[in-house]
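Colleague: I would like to learn how to read a structure of this kind, one feature at a time. Could you take me through it slowly?

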Amino acid sequence: MRIVRNGLLAVALAVSGCSGNQSAMDPDGGPAIHIAHLIIGIVAVCGVAWVLVMVMLAAALLRGRGRTGREITNERSLMRAVIAAVAVTVVIVAALTVSSFFTTRGIGVPEPAAMTITVRGQQWWWQVMYADSGPNASFETANEIHIPVGRDVRLELQSADVIHSFWVPSLAGKQDLVPGRSNILLLRAEKPGIYRGQCAEFCGLQHGHMAVLVIAEAPADYERWAAGQRQTALLPSNPEALAGQAVFLGKPCAACHTIRGTSAHGKTGPDLTHIGSRLTLAAGLVETTRGSLAAWIADPQTVKPGNNMPTVALTGVELQQISTYMEGLK
Amino acid sequence: MNHTVVLDVADLPEHGLGSASQTYWGTLAFMLIEGTGFALSIVVYLYLMSLATQWPLGTAPPDLLAGTTLTALLIVSLVPNLFLARWARHQDLWKVRIGLIVMTVLGVAPLVLRAFEFPAMHIKWDQNAYGSIVWVMLGLHTTHIITNLVETAVLTALMFSRHGDSPRRYGDVSDNAMYWNFVVITWLPMYACLYWVPRL
Amino acid sequence: MTRHKEGDRRDTALNDAELQRCLTATWSTPAGLWGALSTVDHKIIGRRYITTAFVFLALGGVLSLLMRLQLAQPEARFIGPDRYNQIFTMHGTNMMFLFAVPVMQAMAIYLVPLMVGTRNIAFPRLNAFSYWMYLAGGLLLWVAFALDVGPDVGWFAYVPLSGPQYAAGKRADIWAQMITFTEVSALAVAVEIVVTVFKQRAPGMSLDRIPLFVWSMLVTSFLIILAMPAIMIASTALILDRLVGTHFFNPAEGGDVLLWQHLFWFFGHPEVYIIFLPAVGMVSTIVATFTRRPVFGYLGMVMALIATGILAFGLWVHHMFVAGLPRLGESFFTASSMAIAVPAGLQIFCWLATMWAGRPIFKTPFLFVIGFMVIFVIGGMTGVMVASVPFDTQVHDTYFVVAHFHYVLVGGAVFPLLGAIYYWFPKFTGRMMSETLGRWTFGLMFTGFNLTFFPMHILGLQGMPRRIYTYQPEMPWSGLNMFISLSAIILALGFLMFFVDAIRSARSGSAAPANPWGALTLEWATSSPPPAYNFMHLPVVSSLEPLADDPDILPVASGLRIDRRELLITSVVQAVPEARESSPGDSIWPLWAAAATSVTLIWSIFTPWAVVWGSIPVAIALIGWFWPKGVVEEDA
Ligand code: HEA
Ligand code: HEA
Ligand code: CUA
Ligand SMILES: [Cu+2]
């Protein structure tokens, strides 16, 4: 089942240009749709105003060209024209202010009871924490947020270090993750799909590679996914992967990463319990494959210069084993 | 272009006094800059206070003695300062000299008291944000006392030199006196903020 | 004449040649290095300031080309993230603090004394000091960049990224201290301008006869005076956090990271009008001259300047719409930001009315004004767009905002500035710039600019964040980015042509008459370039356009001393003469004071004790500066 789903997702991914859409003008979430309408309205109004000003400019310049001597212009009527234009400006900006106020109201705020996901920005990845709902245990993942379609989701945005900004343009406007504060963002997808987002507040060296995927799925699919994520990692059946686990636990990896169900409880890096099930690696940088896992682990500093994962010395065989292990962590 | 003389300014004074002098306006402009700085420091203080659950953060309100004495002293210093400004307007060399000496002393005295104000805050600048802002506010104001003191001392020396008895110097003395008024008056809201706001 | 002291010589009884000789002897700067280092002539310092600012423009422009090179393709590896972050920080910091603000003030240093009809700026030594401070701040930044310790935290250096924990090394300190240098110099110039405009206007130049450029600089100077203390407090707090462990911005100890943003933007928003308002003044000047009539609605223009200046302090939160402040408060800032379109619109409409009623003459300066109208109005419109909270949540920190601010900065300020350079170049140098090259420059820049920056709006809406050193190939941005980078070459060629023209014309342009454009303000009532003393006799003014009344005759005042640097002090409102005041002579002390201050400031990046020890040489230099030297200027 899971394989089928992942396969579907991979196809969707390929079709949508690998990473999903990331455009404010291609909205699929309630808030983003409201805003897109507002954007179109304001741009149209301002565009018309600009054209009118340009027409006046052209008219004024052509009119006086080649004129000689100071013509007596009617200062009175000029004055009236200027006052009228200012009055129109007042009316327009008042209307724009009111319409943006109502758009904000229309977007609304998530109800406290809505499903809540905590997102913590870290230099340069996203820690995603699902709170326990009822009998279900809470769980953690990274760089990939699954939400059920058509439901309000309340994101609680926090930061572990510097300011980041959570922005998935097709779903909602952005909101900063500010150290020492907790901000709320309403996320909602009207259609299933993979929505790409990217950190929008400059946060240091790899600000450019701090992407996030939001995967909106039918509620049943979402529940299946969540159930899978709650599980601890399975003991690998394949010997190479088993060897990989041993290497992982023996090397510094475990000091930084958590793999639930093993003795790895590190907190500095992303939770890797189900790393093999994520579509991308290292905050949207590359698709997750055995090869990309190996490339990343072998030399994270070349793939993503300056990121906070050091290169850990591994033999070729160890690298093979570890990437097989990681890939199997579905 | 031909010039036609339409105005004769030969009889104007060679140096403007009061609001006819550039330094008067220059001093006002610098007071506006620094006054904005003081006001902003108070805003920062209140802003940090508004975020804190408890204020002052992690300590008791400051002891009143040193700060209040200093405030009283500063207010008292306005009296000789006003006299000094008047004597400078009258260009009375000897009185100005005496006034300047008095004001120099009255510039040193608050520094002594200030030395007791810092410990009266019961906090260091590097303990928390409350400590940081109170030290910066005190430091900012102290800097102004010191710079004004240096200026007063230099003017005193000048008034005893051969350059002293000139309208230009008297103008400097009255601008300096105006600046001291500013140093004193801006202290009052800072005093209220530092010592009484935490007691509200 | 009564009351003449011994040896006191007046301009009354001399013939023109003799008068000019005496004034030259009194006012001119001695030749040679010492003269250059100690001059206090506002024209020499103003020219120096302008030249330096344009050097920084070229350097900042070269940085932008490096960025465009890197961004032309996805995952390009020309420039790594570390260097890229330094480059965009340097570009923004350099353009804002070392180019845009100083160049506007520099134009005022040169022009305001001439336009109000006086002989030197108020506090000319402070003026010399401010130039040296500016130069030192610029050198600090660029030397640091050359040594690979250039700041890398963005031009607004948000904490905690710039704080002690996440910005190791001295990069952020260099940024913060560079701020101190440029703010000191900007504040000093602002004070000089205010006092020059208040007290040194030509007799008869009442408030309603002040040229619009001078008004714009007066309002700008007040903006500087009220806005810059905020950034001084902010950058000082940042240095203290980094150096002595205060906790202003540390949430763990009761500090707050948004405090930085409030302080920065309380300065930062007025800052953009500090750049824009002088440009407004330049546009008004050029429009009046090249439409052959006064700008329509003088009173409205002045009110618009003042209204913009006041509103400027009520907008800062629009840079923080996504920081998580209460939505209701944000709506207020939407309203205030939109409201600023009203004075801006009023100005645009007044210029349109002027053009409508006038006789436009399409010389290069006027072309730049037309370009300004086209581009700035687009930038203003996008400003209104981002002023809307929901709109801004989508485009904040994207290339849409990058497009907005280049439209207003380059279109709204650099275009008028270049027009102003073409316009006043004859006054600055005594030579004309080339009209042919000027048209080419304008054409290249106008085309290049729009092709470069318009597509950025689309990129922003397509989700491209700013300040990314590269982007992934699967994002749909590479085509437009390549297009932008190629267009930037056209824009750069335009700038290059401008520089070539300016350098060439300064050496060998055709000689300029006193008033080549037939303009009507006082700076054209003297030769090009003006003599050291500006005017042989100080002009007396009886209308808004003093040269319009009688083109051949300039009404003047007489009775000033010529054996000392003397000018007229007039009353604030009516400009009634109040005193003949002396103006300080050349002095080397401002240079020493600037050197001592610079050493102190740079040293204090490393230890707080520098402030204590450094204050000693600073105090000595200041005392040396102000101590009377027994020269005639000290007569009273
Ligand atoms: C010269 C500089 C300059 C000028 C003049 C302006 C002018 C304006 N700016 Fe801009 N702005 C910047 C420089 C400038 N700006 C910079 C540098 C930044 C980014 C900083 C950074 O993040 O690095 C910025 C960012 C910025 C933001 C934050 C965006 C973000 O970070 O998300 C906002 C939000 O409100 C804003 C709004 C405005 C508005 C409303 C105006 C108004 O003043 C515009 C008014 C003018 C007009 C509207 C046109 C003329 C009017 C008419 C012809 C009348 C008819 C008009 C209508 C009917 C609407 N600006
Ligand atoms: C007045 C201010 C100003 C000016 C004039 C410019 C001019 C230009 N800027 Fe500027 N820019 C800013 C202010 C300005 N910018 C600010 C404040 C930022 C934000 C920084 C931040 O995020 O912190 C920014 C950011 C910024 C970015 C975004 C970077 C990022 O977010 O990653 C980009 C990208 O394209 C860019 C491009 C350009 C270009 C192509 C020009 C062109 O117009 C430049 C054209 C000029 C030249 C190319 C020079 C030509 C000269 C020569 C060829 C040399 C000749 C020399 C001699 C003869 C001596 N700028
Ligand atoms: Cu995180 Cu940018
Ligand atoms: Cu702004």
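**Reading a sheet and a metal site**

Modeller: In chain A, strand β2 (residues 125-130) and β3(A) run antiparallel and are joined by 4 bridges. Two strands pair if DSSP finds at least two bridges between them, and strands (E, at least two residues) and helices (H or I, at least four) are DSSP runs numbered from the N terminus. Within this pairing, V128(A) stands opposite T141(A) in β3(A). This is a predicted model, in which local features need pLDDT of at least 70 and side-chain atom pairs pLDDT 80 or more, while totals for chains, interfaces and linings use all residues. Residues are numbered from 1 along each chain as written, chains are lettered from A and ligands numbered from 1 in the order written, and side-chain values use heavy atoms, without hydrogens and water.

Colleague: What is the order of the strands in the open sheet of chain A?

Modeller: The order is β3-β2-β1-β5-β8, with mixed pairing. Because β3 (139-142) and β8 (183-187) of chain A each have a single partner strand, one side of each is left without a neighbour in the sheet.

Colleague: Which residues coordinate the copper ion (ligand 4)?

Modeller: Donors are N, O and S atoms within 2.8 Å of the metal (3.2 Å for Na, K and Ca), and water is not among the atoms, so sites may look incomplete. Here H269(C) (ND1), H318(C) (NE2) and H319(C) (NE2) coordinate the copper ion at 1.8 to 2.1 Å. The copper ion and the iron atom of ligand 1 are 4.6 Å apart.

Colleague: Is H269(C) buried or exposed?

Modeller: Buried means under 20% relative accessible area, exposed over 50%, and partly exposed in between (1.4 Å probe, protein chains only). H269(C), at 3%, is therefore buried, and H318(C) is buried at 15%.
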